Amino acid sequence: MKYIVFILFTVMTNAAAQLMLKHGMMSLGPISFEGVNPVVKLLQIVFSPWVFLGLCTFVISMASHLYVLSKVELSFAYPFLSLAYVAVAVFAYFVFREDLNAWRIAGIGFICVGTILIAQGGSGHVEASPSQESIQTSELAR
């Protein structure tokens, strides 16, 4: 559980990236590839400020996730990413005035309960097997 801060950082940067991408696409308006070079249009989209910032935030989120994966079990860490759905739904309600109806709230509740159950169900720590330890020791001896 000592890596929970890094897991939650991964979740929040993932959700922030989604919100930035949405804001960027809203500022660009409806996208059409009609009558334009698709590569040029794609580059315009990617390098628009909010979209580019969102993509950079995804890179930060993935770097954090890789760090987490080096420390805890995948079956422990990965389910926490579902909390990004919760964060995105809540922030989209407040920022973009998107609908947050009873079905979505119920789904958010199930996601939260499921994540809590998974967090309680295991140690979460990755333990090196004896073969991995001997490989690492032999590599250090070289």
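In this predicted model, a polar atom of the Thr13 side chain lies 3.1 Å from the backbone oxygen of Thr10. Thr13 itself is placed in helix 1.

**Thr13 and its surroundings**

- Thr13 has a relative accessible area of 10%, and it counts as buried because this value falls under 20%.
- Leaving aside residues up to four places away in sequence, Thr13 touches Thr57, Ile60 and Ser61.

**The largest nonpolar core**

- The largest nonpolar core has 15 residues, of which Ile7, Val11, Val68, Val72, Phe76, Phe80 and Leu83 touch the most other members.
- At least two residues of this core are supplied by each of helix 1, helix 4 (74-77), helix 5 (83-95) and helix 6 (102-120).
- Helix 5 provides the largest share of this core, with four residues.
- Leu83 is in contact with Leu8, Val11, Ile111, Cys112 and Thr115, when residues up to four places away in sequence are not counted.

**The nonpolar surface patch**

- A nonpolar patch on the surface is formed by Met25, Leu28, Ile31, Phe33, Val36 and Leu42, which together have about 470 Å² of accessible area.
- Phe33, one of the patch residues, is found in the loop between helix 1 (4-28) and helix 2 (38-46).

Note on methods. Residues are numbered from 1 along each chain as its sequence is written. This is a predicted model: local features need pLDDT of at least 70, side-chain atom pairs count only at pLDDT 80 or more; totals for chains, interfaces and linings use all residues. Side-chain values use heavy atoms; hydrogens and water are left out. Patches are made of residues with over 30% relative accessible area and no salt bridge: like charges are joined within 9 Å, nonpolar side chains (Val, Leu, Ile, Met, Phe, Trp, Tyr) within 5 Å. Accessible areas come from the Shrake-Rupley method with a 1.4 Å probe; for residues, only the protein chains shown count as cover. A salt bridge is a side-chain nitrogen of Lys or Arg within 4 Å of a carboxyl oxygen of Asp or Glu. Buried means under 20% relative accessible area, exposed over 50%, partly exposed in between (1.4 Å probe, protein chains only). A polar contact is a pair of N or O atoms within 3.5 Å; within protein, one must be able to donate a hydrogen and the other to accept it, and residues adjacent in sequence count only if both atoms are side-chain atoms. Contact means heavy atoms within 4.5 Å. A nonpolar core is a set of buried Ala, Val, Leu, Ile, Met, Phe, Trp, Tyr and Cys residues joined through side-chain atoms within 4.5 Å.
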